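Q: I have a model open and want to go through it piece by piece. Can you take my questions as they come?

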Amino acid sequence: MKRTQRFKRVSKPKKSIPETEPDEDSAANRSTQLLKSLSTRIKPKRPKILSLPPPTSLTFDQMTILPREFFQIDALDLAPRLLGKFLKRDNVVLQITEVEAYRPNDSACHGRFGITARTAPVFGPGGHAYVYLCYGLHTMLNVVADKEGIGAAVLIRSCAPISGMDTIQERRGQKTEKPALLNGPGKIGQALGISTEWSNHPLHSPGGLELLDGPEPEKILVGPRVGIDYALPEHVSALWRFAIAGTAWISAPKNTLRPP
């Protein structure tokens, strides 16, 4: 999908002065047309959802669930491939717009703690969910990557709403259609209505929470991951955050994202 274009202002040719005065009816007609023109110009625009083909023709019940093999690759390769794919639970469908990769030997990855009761799902086979609580409040959804025992995952940072808007708004407690509805990882977990009990759930199996195939974005952006100041410098600066270019449905900070 193309970015919104800026149009150059072009000077209009001067109109010739009429030889006779306009009658009242024609003057009123021009005033009415001018008011309509102004009201059209100042009409607020809804935020652009994606730089992707509109999915209005898609039937989600008939769409392909991504196979197990899709996920069993390096998290750094899986992360950009997840952009444009669909998360589906009950009547809610979200399109993934922003992700972050977390790899083995990564000082920002939960796998650095080894296998614990909390992190065990990260070491499972690729294609399962890893769900944890951040600060004891925010439910964070991750897609486990790579082979079993590796300890890698991709965090879902932001999404765009595709269907189930009423359910999303109810779960989020916000009656809005602006990007603030889904521009953060904790908001995604809340919109999907999941908890840590969804950890280990197979995203490649029908039922519950599913990951469906979707269109590949035309352009993407990359940048450093967010909120990992505790990690080693080389991992703090690593460009392992990926987002769809041209969409408003991404989280802050946006100024650290750039074309690859």
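Predicted model: local features only at pLDDT ≥ 70, side-chain atom pairs only at ≥ 80, totals over all residues.

Q: How many disulfides does the structure hold?
A: Zero disulfides.

Q: OK, overall layout. How many helices and strands are in the protein chain?
A: Six helices and eight strands. In sequence order the pattern is α-α-α-β-β-β-β-β-α-α-β-β-α-β.

Q: How much of the chain counts as buried?
A: The protein chain has 260 residues, and 46% of them count as buried. Its accessible surface is about 15,000 Å², with 54% of that belonging to carbon and sulfur atoms.

Q: What about contacts with a separation of 6 or more, what share comes from residues 24 or more positions apart?
A: In the protein chain, 67% of those contacts are between residues 24 or more positions apart.

Q: Switching to helix 5. How many of its residues are buried?
A: Helix 5 spans residues 185-192, and six of its eight residues are buried, so the helix is mostly covered.

Q: Which ones?
A: Pro185, Gly186, Ile188, Gly189, Ala191 and Leu192.

Q: What covers them?
A: The cover for the buried residues of helix 5 includes several strands, among them strand 1 (86-89), strand 2 (92-102), strand 4 (138-145), strand 5 (152-163) and strand 6 (209-212). Helix 4 (165-172) is also included in that cover.

Q: What does the backbone do just after helix 5?
A: Glycine 193 sits there and takes a positive phi of about 70°.

Q: Which residues other than glycine have a positive phi?
A: Aspartate 90 is one of them, with phi of about 45°. Asparagine 105 is another, with phi near 60°.

Q: Where are those two?
A: Aspartate 90 is in the loop between strand 1 and strand 2. Asparagine 105 is in the loop between strand 2 and strand 3 (129-134).

Q: Is each buried, partly exposed or exposed, and why?
A: Aspartate 90 counts as partly exposed because its relative accessibility is 39%. Asparagine 105 is at 78%, so it counts as exposed.

Q: Aromatics next. How many aromatic pairs does a search of the whole structure find?
A: Two aromatic pairs. Phenylalanine 70 and phenylalanine 71 have ring centres 5.3 Å apart and planes at 80°, so these rings are edge-to-face.

Q: Why does that count as edge-to-face?
A: Because the planes are at 80°, and an angle over 60 degrees is what edge-to-face requires.

Q: Are phenylalanine 70 and phenylalanine 71 buried or exposed?
A: Phenylalanine 70 counts as buried at 10% relative accessibility. Phenylalanine 71 counts as buried at 0%.

Q: What lies over the face of tyrosine 102?
A: Arginine 225 does, at 4.6 Å from the ring centre.

Q: Last one. Where is the cis peptide bond that joins alanine to proline?
A: It joins alanine 252 and proline 253, with omega about -5°. Proline 253 lies in the segment after strand 8 (241-244).

Methods:
Residues numbered from 1 in each chain as written. Heavy atoms only, no water. Disulfide = S-S within 2.5 Å. Buried < 20%, exposed > 50% of the residue type's maximum accessible area, 1.4 Å probe, protein only. Helix = DSSP H or I, 4+ residues; strand = E, 2+ residues; numbered from the N terminus. Contact = heavy atoms within 4.5 Å. Areas by Shrake-Rupley, 256 points an atom, 1.4 Å probe, with all protein chains shown as cover. Phe/Tyr/Trp six-rings, centres within 6.5 Å; stacked < 30°, edge-to-face > 60°. Lys NZ or Arg CZ within 6 Å of the ring centre and 35° of its normal.
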